[in-house]
Number of protein chains: 2
Amino acid sequence: MARSTSTLRGQILEAALDLFATHGYRGTSLHDIATVVGCSKASLLYHFAGKDAILTELLSPAGEALAELDADLAELDDDRVVEAAVTGYVDLALRFRREVTVLFQDITETLCHPALAHVPGMAERLVASLAGRSTDPKRLVTAHMVLGAVFVTCAGDPDVPADVLREELLHGSLRTLGHTT
Amino acid sequence: MARSTSTLRGQILEAALDLFATHGYRGTSLHDIATVVGCSKASLLYHFAGKDAILTELLSPAGEALAELDADLAELDDDRVVEAAVTGYVDLALRFRREVTVLFQDITETLCHPALAHVPGMAERLVASLAGRSTDPKRLVTAHMVLGAVFVTCAGDPDVPADVLREELLHGSLRTLGHTT
DNA sequence: ACGATAACTGTCCGATCGGTCAGTCCTGAC
DNA sequence: GTCAGGACTGACCGATCGGACAGTTATCGT
């Protein structure tokens, strides 16, 4: 073996995450990844079943974390769910900032991916939670706004200290929702 | 001539806008467009110089409108610019909702397009305007949040009456910015 | 020292893409 | 009628993509 297995696998995932976040999933070829890593394209396909498998492995942790949040929020009553949804969503988006950027780059291609099949449904429930499970169109719009605000801000990766960013995402989202603390 | 020129051109643009918004620019082939329109792929390339040219013609009006907003905002003083930026941006995003969706689907591919070369710079100035030209990191974060909130909400095309949507985008954005009316 | 096995690669393949081009078809002016 | 020119198309092209596969290299247990 030229390299230890885990080493090259990790390098491939790291390079792929970088390239997917910069140029999108469709905009990145296996050749591009192989060039960055410094191995052959065939080597990628030795470690991973295919290009899909790389994306799946990259996004699965974020998907599972979102599923956890989804389950947690389901057990809260309506007046407590809003703050929990905001905090959980912001922390999730910050923790998986690079994955969010990948999603942002190629939203349709990545969302229709098997590993993320449950995301649309969970996103819809997250919006419902952000809206305090109200069906008022106005509150649904603001909930969508929070979804987009945190999403794009994290994907944009602004040059701001992490704690300031988190604090402002939380407060800004609550202000958007008209939630008085 | 089988059809009047303008008819087929218009059908091509309409179909392309639809497909680009649904599957992204990269995810839509000339063959896809031709199939929807009901003509040959070669016919598309008779009416347009290339796939790029179709995207350019689709997004140019939105780009020009953004440039107008950019120029208008430049002439306002700091305490007036925030509300003007919010109103102008929301109205722009609503007017070019489908174009926003196209942008959302394939952000890197579309933004590096010649016709939209000035957009990143204008977007940056728009963020500055939304932040009241303050350099406070907290205000910059909230400005980015508004940018994303309106962007994603318009791209998502929620099933809400147009006037309610506009009203909530405006009020929600101002609340996000902590702007007391 | 030496197979067995895992790690890795060069090369080829079919599919699909955007784009070109010679040629056909139709229409309207004369 | 006819003919010039715009509208349109089928067939083809080179490039690039994800992927398959036989073969080579390096490592380790014995």
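## How the two copies meet

Through which surface do the copies, chain A and chain B, meet? Let's start there, keeping in mind that this is a predicted model. Of the interface residues of chain B, 100% are also interface residues in chain A, so the copies meet through the same surface.

## Two domains in chain A

Now look at chain A by itself. Its division gives domain 1, covering 5–48, and domain 2, covering 59–176. The contact involves 11 residues from domain 1 of chain A and eight residues from domain 2 of chain A. Taken over C-alpha atoms, the centres of these two domains of chain A are separated by 28 Å.

## A cavity between side chains

How many cavities of 30 Å³ or more are there? The count comes to one, and the largest cavity has a volume of about 30 Å³. You can find the lining by looking for A:Leu66, A:Leu69, A:Asp70, A:Leu73, A:Met122, A:Arg125 and A:Leu126.

Which helix gives the most to this lining? That is helix 4 of chain A, with four residues. Helix 4 (51–74) and helix 8 (119–130) of chain A each supply at least two residues of the lining. Sorted by class, the lining has five nonpolar residues, two charged ones and no polar ones.

## A covered helix in chain B

Over in chain B, find helix 6, which spans residues 97–105. This helix is mostly covered, with seven of its nine residues buried. The buried residues of helix 6 are B:Glu99, B:Val100, B:Thr101, B:Val102, B:Leu103, B:Phe104 and B:Gln105.

## One leucine to find

Is A:Leu174 buried or exposed? Its relative accessible area is 11%, and buried means under 20%, so A:Leu174 is buried.

Where does A:Thr87 sit relative to A:Leu174? The two are 87 residues apart along the chain, and their C-alpha atoms are separated by 9.6 Å.

Conventions: Residues numbered from 1 in each chain as written. Chains lettered and ligands numbered in written order. Predicted model: local features only at pLDDT ≥ 70, side-chain atom pairs only at ≥ 80, totals over all residues. Heavy atoms only, no water. 1 Å grid on protein atoms, 1.4 Å probe; cavity = no way out; pocket = protein on both sides within 12 Å on 5 of 7 lines; lining within 4 Å. Points joined across faces, edges and corners; volume = space filled by probe spheres on them. Nonpolar A, V, L, I, M, F, W, Y, C, P; charged D, E, K, R; others polar. Buried < 20%, exposed > 50% of the residue type's maximum accessible area, 1.4 Å probe, protein only. Contact = heavy atoms within 4.5 Å. Domains from an automatic or database assignment.
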